[in-house]
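I opened this entry to keep a record of what I looked up. The notes follow in the order I made them.

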Amino acid sequence: MTDALALLVVVPIVLSLAPIAFGGLWDGLGWIAAFVAALSHLGLSLAVAARVAAEGTISYAVGDFAPPFGIELVADGVSATLLVLVSAVTLAVVVYARTAGPRENTFYSELLLLTAGISGVFATGDLFNLYVFIEITGLATYALVATGRSPAAAVASLKYLLVGTVGASLYLLGVGYLYISTGSLNMADLAELLPAVGYGSPLVLTGFALIVVGLAVKAALFPLHTWQPGAYAESPDSVTAYISALVSTAAAYALFRIVYVVFTPAFDAAVPFALDALVILASVSVVVGSALAVMQSDLKRMLAYSSVAQFGLVIAGFAVVNQTAVTGGLVHLVGHAVMKAGLFVGVGAIAGVAGGRTVDDFAGAADRAPVTSAAFAALAVALVGVPPAVGFAGKWHIVLGAVEAGRWIVAAVAVLSTLLTLAYFARVIERMYFRDAPEPTDAEGHADAVASADPDAALTDGGDRSDSEAGGGDSPVPATDDGADPGADGDTDPSAAVPIEARAVVVAAAAGAVLLGLFAADLIALFEPVLEVYFQ
């Protein structure tokens, strides 16, 4: 059913209207609409994936207008996998947000619009339509970041809006240059027309440069990453988990599609310096992002800079123009989304138990939240790249492909990044398992300690922690991490408990990271038919 491709975008948009139109009648309508949309999206994405597995690449002509003049939606082994990923992350975040918040109906409308935008990015076969979906994704994300209950969240959203608009504008200018030179916007059609125009044409080179820089902003490559740390740190935990898993993933995938579907590896053979520059930019992003992550005491900022490094590694794999390295980049793209979503949910959940989200705040957290802490540690080890988790499979193929292509700098950077990733996660795990919890302090003393550890916290409510920074704040807590009733003894602090939804999401993410690693060969088998077309 090719209509499922279009419905993956249409269903979230339609259901996003329900909380706005009827939310005044029932405060819980937003969550119900989001849950129904997530389940529907999952069913549709699995239907698309099943058909792709049976038939290969499928396409859908929007409005029955045949490409290249009409808009085309395309699903292959790569995009179908990512559409299933969108469904899984959306469902997990909706479940988590039931207790973690935000609970406003408008939040769920924005979340569903973001789901539709990201789904469109993964499915479209048209450059201008890709711009439309990137803008939908951006606008919804700006609004979601602003749902944080602090002035700092508003500042982070505004900064993201300004920087993101520049990135989208550069992308659109690049598309304009390609349209002027070829007269087409369809990706497959452009692949046939560009060689006739000439890859060395100033119009084509300018278009490529503008598109790459625009998408590098969206993917948060250094030094174009400046929007990301604030957006991740100041957003509510459910928002951070979602955007960290999917928003930059969509931008990195868009870059992959343009490099290999539109320009093809022949572009690298004709103009090698273009992708050489991208390799350098991505490699610098890996090193600087990892180094900045090591320097952070706030865990959400640490994970934000980690994303700068990890997306640098993914894009470096793409830029090597070697089938093994590109395969590794795609595997790591999927694995990173699963691992990073789980890590951010874990930080939010454990922060509610620990009373803060700095590295030192997590001292002794394993004693108070053993299940969530174990899942968090497993995800951290997976992101480092320890087998059999998916982090190893992705990084191994990137390093192997880089060596095959003679890109020793990429191989060295990947190894260095692994060591630095181990460094910033090891100190967290060490405090969780080998340090005692700090003695309770009065509220004022704790606020001062947080402000000194994280200067940005001083911008929120005069130094007090916002609800989102405390892992969900006023969220109702149905169960402790070990399954006990938090109020059974009458004297247990309800804030010192991990909601069962949060625990389930973190454990599921950890299990997913391991299973993806164990079945990495099957994941790669889905990607190989797509990549073989590009490298034949």
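Helices (H or I, at least four residues) and strands (E, at least two) are DSSP runs, numbered from the N terminus. I note that this is a predicted model, in which local features need pLDDT of at least 70, side-chain atom pairs count only at pLDDT 80 or more, and totals for chains, interfaces and linings use all residues. Residues are numbered from 1 along each chain as its sequence is written, and side-chain values use heavy atoms, with hydrogens and water left out.

Entry on confidence. I looked up pLDDT, the predictor's confidence in each residue, from 0 to 100. The protein chain averages 84, and 88% of the residues score at least 70. Over residues 442–480 the pLDDT is below 50, and this stretch has 83 contacts in the model beyond near neighbours in sequence (a contact means heavy atoms within 4.5 Å). Residues 482–495 also have a pLDDT below 50, with 11 contacts beyond near neighbours in sequence.

Entry on loops and cis bonds. Which residue does Phe222 join through a cis peptide bond? I found Pro223, with omega near 5°. Pro223 is in the loop between α8 (202–219) and α9 (228–234). Ala220 is found in the loop between α8 and α9 too. I noted a positive phi for Ala220, near 65°, and this residue is not a glycine. Is Ala220 buried or exposed? Ala220 is buried, at 0% relative accessibility (buried means under 20% relative accessible area, exposed over 50%, partly exposed in between, with a 1.4 Å probe and protein chains only).

I found a cis peptide bond between Pro387 and Pro388, with omega about 10°. Pro388 lies in the loop between α15 (370–384) and α16 (390–404).

Thr264 has a positive phi of about 65° and is not a glycine. I located Thr264 in helix α10, residues 237–270.

Entry on rings. I counted pairs by this rule: rings of Phe, Tyr and Trp (its six-membered ring) pair if their centres lie within 6.5 Å, and planes under 30 degrees apart count as stacked, over 60 as edge-to-face and the rest as tilted. The structure holds 22 aromatic pairs. Tyr424 and Phe425 form a tilted pair, 5.0 Å centre to centre with 55° between the planes. Tyr424 is buried at 0% relative accessible area, and Phe425 is buried at 1%.

I also looked up one aromatic cluster, formed by Phe122, Tyr253, Phe256, Tyr260, Phe318, Tyr534 and Phe535.

The charged end of Arg98 sits over the ring of Trp31, 4.4 Å from its centre (the rule asks for NZ of Lys or CZ of Arg within 6 Å of the ring centre and within 35 degrees of the ring normal).
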